[in-house]
Amino acid sequence: LHPQCLFSAESTEDLALDHYRAALYEHGIVNLRLNFVDRTADVLKKIVEHIGYVSAHDEQGKMQWDVKYDSNADPETAARSLTTRACRLHTDASFEEPPPRYVGLFVVQEDSLGGGQTQLLDIRKLLPLLSSTARAVLQDSQFKFTVPAEFRRERPFIEGPILSLAGDGEVTIRYRHEVLDLEHADQSQIAAISELEELINNPEFLDQMFLQTGTVLLFDNGRFLHARTVVKDKMRHLVRMRFQMPLRASIGDHTSLTEVT
C-alpha cells in the first residue's frame, strides 16, 4: 500500500480520524494497526461514525456483521462470511441501491494457521484495458442482481449498471459473479462481462495481505474488488461495517497527508 495509507495507534486517543478520511478520498484504502487490545471492535465503530455514516446490512438494521465461522450455518448455502469457504473477488452489497461506497473491517482474531488471506484488486488497473465497447455496455445497460436471502429486504433483485460514474466523478464498480442474473442478459452484456472477468481473474493485478489481530482495514467498495483465501482457523473473527461518506467538496476536507508519518 501507499505509505500515506498506513497508520498505527497506541490508544483510542491516538486515532488520526481526519487523516483516515483524507487517505480514503485520496487513495481509496487505509490500513491501521492498533498497538493496544480491542476485543469489541469499538475502534472501528468510532472511526466509521466520525468519518461517515453507517449502512445497515439487512432489514433488521444490523450495523456490524461478524465474519466468523458458524457451526450452525450450512457450509454450502449460508453466507460466505459464516463459513470457511474462499470468496471470489467481488464488491460488497452489489445488490443494493445504492451500494455502500466504503467497507470497514476489524480483525478481532487472525487466522492462526495463515488462512483467510485478504486479496484486493484496484479497478483503476483494469479500466484502461477494457475495450470501449465493453465499457459502454457495462456502464450504459441494466444488469439484474439477485439479492441473497440473508440480505433480502423489499425486493428479490435490483437492476443497474456494473460501472457507474459517482458524484465525485470517479468510475465505480458493483460486481459479484454469483448474484448476476446471466440468464436474462443479452449477448452484448455477456460478452462485456466475459471481457471484464478475464481481466479480474488475471493474477497480475491482484494484491494479497494477511490481516493480523488488531488491524483496521477501510477501503473504497466502488474501487476495490476484494476476496479471501480459504479460512484454516475456525476461530478467525472479523467485524465488518459498511458506510458512506459525504462528497469531499461538501465538507471542505483539505487535510494534508504529508503530515502523517
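This is a working chat about a predicted model of one protein.

User: What's the average pLDDT here, and how many residues score at least 70?

Analyst: The model is predicted, and the average pLDDT is 91. A score of at least 70 is reached by 91% of the residues.

User: Where does pLDDT stay under 50?

Analyst: Over residues 253-261. For that stretch the model has 19 contacts beyond four places in sequence.

User: OK, pockets. What's the volume of the largest one, and which residues lie nearest its centre?

Analyst: The largest pocket holds about 640 Å³ of space. Its lining has 35 residues, and R101, A166, G167, D168 and T172 lie nearest the centre.

User: Which helices and strands supply at least two residues of that lining?

Analyst: α1 (17-27), β10, β11 and α5 (248-251) each do.

User: How does the lining of the largest pocket divide into nonpolar, polar and charged?

Analyst: Into 16 nonpolar, 8 polar and 11 charged residues.

User: You listed R101 and D168. What do their side chains do?

Analyst: They meet in a salt bridge, with 3.1 Å from N to O. R101 is in the loop between β5 (87-90) and β6 (102-109), while D168 is in the loop between β10 (163-165) and β11 (171-173). The two residues are 67 apart in the chain, and the pair links distant parts of it.

User: Is R101 buried or exposed? And what about D168?

Analyst: R101 counts as buried because its relative accessibility is 15%, and the cut-off for buried is under 20%. D168, with a relative accessible area of 38%, is partly exposed.

User: How many salt bridges does the structure hold?

Analyst: It holds 13. Side chains of opposite charge can pair when their charged atoms come close.

User: What does D207 pair with?

Analyst: D207 forms a salt bridge with K125, and the closest N and O atoms are 3.1 Å apart. D207 sits in strand β12 (residues 207-209), and K125 sits in the loop between β7 (118-122) and α3 (132-140). That pair also links distant parts of the chain, 82 residues apart.

User: How accessible are D207 and K125?

Analyst: D207 is partly exposed at 41% relative accessibility. K125 is partly exposed too, with a relative accessible area of 34%.

User: And K144, what does it form a salt bridge with?

Analyst: With D181, the closest N and O atoms being 3.7 Å apart. K144 belongs to strand β8 (residues 143-146), whereas D181 is in the loop between β11 and α4 (187-200). They are 37 residues apart.

User: Which of those two is buried and which partly exposed?

Analyst: D181 is buried, at a relative accessible area of 14%. K144 is partly exposed, at 22%.

User: Which residues are linked in a network of salt bridges?

Analyst: R80, R176 and E178 are linked in one.

User: Switching to backbone. Which peptide bond is cis?

Analyst: The bond from E97 to P98 is cis, and its omega is near -5 degrees. P98 lies in the loop between β5 and β6.

User: Which residue in that loop has a positive phi without being glycine?

Analyst: A93, with phi near 55 degrees. A93 is placed in the loop between β5 and β6 and counts as buried, at 3% relative accessibility.

User: What is the phi of A41, and where does A41 lie?

Analyst: Phi of A41 is positive, about 65 degrees, although the residue is not a glycine. A41 lies in the loop between β2 (29-34) and α2 (42-51). A41 is buried, with a relative accessible area of 0%.

User: What lines the largest cavity?

Analyst: 23 residues line it, and C87, H90, D92, H226 and R240 lie nearest its centre. β4 (65-68), β5, β14 (224-228) and β15 (237-244) each supply at least two lining residues.

User: How many of the cavity's lining residues are charged?

Analyst: 8 are charged, alongside 10 nonpolar and 5 polar.

Notes. Residues are numbered from 1 along each chain as its sequence is written. This is a predicted model: local features need pLDDT of at least 70, side-chain atom pairs count only at pLDDT 80 or more; totals for chains, interfaces and linings use all residues. Side-chain values use heavy atoms; hydrogens and water are left out. pLDDT is the predictor's confidence in each residue, from 0 to 100. Contact means heavy atoms within 4.5 Å. A salt bridge is a side-chain nitrogen of Lys or Arg within 4 Å of a carboxyl oxygen of Asp or Glu. Helices (H or I, at least four residues) and strands (E, at least two) are DSSP runs, numbered from the N terminus. Buried means under 20% relative accessible area, exposed over 50%, partly exposed in between (1.4 Å probe, protein chains only). On a 1 Å grid over the protein atoms alone, a cavity is a set of points where a 1.4 Å probe fits but cannot get out, and a pocket is an open set with protein on both sides within 12 Å along at least five of seven lines; lining residues have an atom within 4 Å of a point. Ala, Val, Leu, Ile, Met, Phe, Trp, Tyr, Cys and Pro count as nonpolar, Asp, Glu, Lys and Arg as charged, and the others, Gly among them, as polar. Grid points are joined across faces, edges and corners, and a volume is the space filled by probe spheres set on the points.
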